[in-house]
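Let's explore this protein together, one question at a time. Have a look at the sequence and the model first.

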Amino acid sequence: MPHQEAAGVRTPRQALAAYHRAMLDKCADDLADLYAPGALHEFPFTAPGFPPRYEGREAVRTGYGAVWGASPVRIDEVRTVSSYETADPEVIVAEHVVVGRLPGGATFTVPGLLVLRVHDGLITHVRDYMDTAALATARG
């Protein structure tokens, strides 16, 4: 059963840390459990094979479950380059770099930027800006 913090006390910074943990674990259930039922997860810079958005918690669960389940890559680290709390207490912006390995041992890095809105302890909106060229290279 996925680990879930008490939703009522999760700050945007805590949600970001849990988001990164779910990425490291490639656990779609843990990731989806961070989201409100009607949340929106957008990919403004989409890549071939990726949808422009996931609408709702269960779409996040299904979408990431399919992508992570089919991917042979291993994520070794999510480095937070910097994070910014905004004037809006529900929003955090984070630059990060995902470092991983392909089958056979080749390494890759994919930089990205996340804008998370967290309301009542649950993510309600994500804008996920991934470096699609680096992502395509990592996917082979």
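Q: In which loop is the place of K26?
A: Helices here are DSSP runs of H or I with at least four residues, strands are E runs of at least two, and both are numbered from the N terminus. Counting this way, K26 has its place in the loop between helix 1 and helix 2 (28–32).

A quick note on the numbers: this is a predicted model, where local features need pLDDT of at least 70 and side-chain atom pairs count only at pLDDT 80 or more, while totals for chains, interfaces and linings use all residues. Residues are numbered from 1 along each chain as its sequence is written, and side-chain values use heavy atoms, with hydrogens and water left out.

Q: Is K26 buried, partly exposed or exposed?
A: Buried means under 20% relative accessible area, exposed means over 50%, and partly exposed lies in between (1.4 Å probe, protein chains only). K26 has a relative accessible area of 23%, so the class of K26 is partly exposed.

Q: Is D120 buried or exposed?
A: D120 is found in the loop between strand 5 and strand 6, and has a positive phi of about 50 degrees although it is not a glycine. Its relative accessibility is 59%, so D120 counts as exposed.

Q: Which strands stand at the edges of the sheet?
A: Two strands pair if DSSP finds at least two bridges between them. The open sheet has 6 strands in the order 2-1-6-5-4-3, with mixed pairing. An edge strand has a single partner strand, so one side is left without a neighbour in the sheet; the two that stand there are strand 2 (53–55) and strand 3 (74–85).

Q: About how many degrees does the direction of helix 1 make with that of strand 3?
A: Axes are lines fitted to C-alpha atoms, for helices over the stretch in contact, and angles run from 0 to 180 degrees between N-to-C directions. Contact means heavy atoms within 4.5 Å. Helix 1 (residues 12–25) packs on the sheet, touching strands that include strand 1 (35–42) and strand 5 (107–119), and its direction makes with that of strand 3 an angle of about 165 degrees.

Q: How many residues of strand 4 are buried?
A: Strand 4 also pairs with strand 5, in the antiparallel sense over 11 bridges. Strand 4 is mostly covered, and of its 11 residues the buried ones number 9.

Q: Which strand gives the most to the lining of the largest pocket?
A: On a 1 Å grid over the protein atoms alone, a pocket is an open set of points with protein on both sides within 12 Å along at least five of seven lines, and lining residues have an atom within 4 Å of a point. This pocket is lined by 28 residues, and F50, V67, W68, M130 and L135 lie nearest its centre. With 5 residues, the strand that gives the most to the lining is strand 5.

Q: About how much space lies in the largest pocket?
A: Grid points are joined across faces, edges and corners, and a volume is the space filled by probe spheres set on the points. The space in the largest pocket is about 570 Å³.

Conventions:
On a 1 Å grid over the protein atoms alone, a cavity is a set of points where a 1.4 Å probe fits but cannot get out, and a pocket is an open set with protein on both sides within 12 Å along at least five of seven lines; lining residues have an atom within 4 Å of a point.
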